[in-house]
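Please keep the sequence and the model at hand while reading the points.

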Amino acid sequence: MKRPACLLALLCLFLFSACKKEVETDAYLISKKLQEVIKAENVVRVVPVPDWIPGGGTITYFPDYGKTYQFDPPFFIISSYSYNLATMKRYYLSDIDSEKTLFLVF
């Protein structure tokens, strides 16, 4: 009886030690930070932008672009496009039509 109890205890120890704690990835931490900025700064829209605009021109947005988005780590999703947050280079705040906007540079 002592031997099966020891084997059962060892098996349980093995199973519990094999379970890993959920690790917060860089993309998850970035997502959390961006959501804090959005809340703290009362951001109305979030817009992904390229690091370099071909020809040095400007980008024009539809009036409601960036108002509907979703954070689903490791991705940022907007208008059925997804962007990997782990590849984001930086972010900055500015205004579009006097609405506070968070720009995500990829």
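1. Basis. The model is predicted, so local features are reported at pLDDT of at least 70 and side-chain atom pairs at pLDDT 80 or more, whereas totals for chains, interfaces and linings use all residues. Residue numbers start from 1 along each chain as its sequence is written, and side-chain values rest on heavy atoms, with hydrogens and water left out.

2. Overall content. The chain contains two helices and six strands, where helices (H or I, at least four residues) and strands (E, at least two) are DSSP runs numbered from the N terminus. Along the sequence the pattern reads α-α-β-β-β-β-β-β. Of the 106 residues, 24% count as buried; buried means under 20% relative accessible area, exposed over 50%, and partly exposed in between, with a 1.4 Å probe and protein chains only. Taking contacts (heavy atoms within 4.5 Å) between residues at least 6 apart in sequence, 50% join residues at least 24 apart.

3. Helix 2. This helix spans residues 26-41, 16 residues in total, and its first and last C-alpha atoms are 22 Å apart, close to the expected 22 Å at 1.5 Å a residue. The expected span is 1.5 Å times one less than the number of residues. Just after helix 2, Asn42 has a positive phi of about 55°.

4. Which residues of helix 2 are buried? They are Ala27, Ser31, Leu34, Val37 and Ile38. These residues lie on the same side of helix 2 because they cover an arc of only 125° around the axis, the arc being that of the directions from the helix axis to the C-beta atoms. An α-helix has 3.6 residues a turn, so residues three or four places apart point the same way. Lys39 and Ala40, on the other side of helix 2, are exposed.

5. Packing of helix 2. Its buried residues pack against strand 1 (45-49), strand 2 (70-72), strand 5 (90-96) and strand 6 (99-105). Ser31 has a relative accessible area of 2%. Apart from neighbours within four places in sequence, Ser31 is in contact with Phe71, Pro73 and Leu85.

6. Three strands form an open sheet in the order 1-6-5, with mixed pairing; two strands pair if DSSP finds at least two bridges between them. Strand 1 and strand 5 are at the edges with a single partner strand each, so one side of each has no neighbour in the sheet. From one strand to the next the twist averages 30°.

7. Pairing within the sheet. Strand 1 and strand 6 run parallel and are joined by five bridges, with Arg45 bridged to Thr101 in strand 6. Strand 5 and strand 6 are antiparallel, over seven bridges, and Arg90 stands opposite Val105 in strand 6. The hairpin of strand 5 and strand 6 has two residues between the strands, and Asp97 there takes a positive phi near 50°.

8. Thr101. This residue lies in strand 6 and counts as buried because its relative accessibility is 0%. Its side chain reaches the backbone oxygen of Glu99 at 3.0 Å. Setting aside residues up to four places away in sequence, Thr101 touches Val43, Arg45, Val47, Tyr92, Leu93, Ser94, Asp95 and Ile96.

How values were computed
Axes fitted to C-alpha atoms, helices over the stretch in contact; angles between N-to-C directions. Polar contact = N/O pair within 3.5 Å; in protein donor to acceptor, adjacent residues only side chain to side chain.
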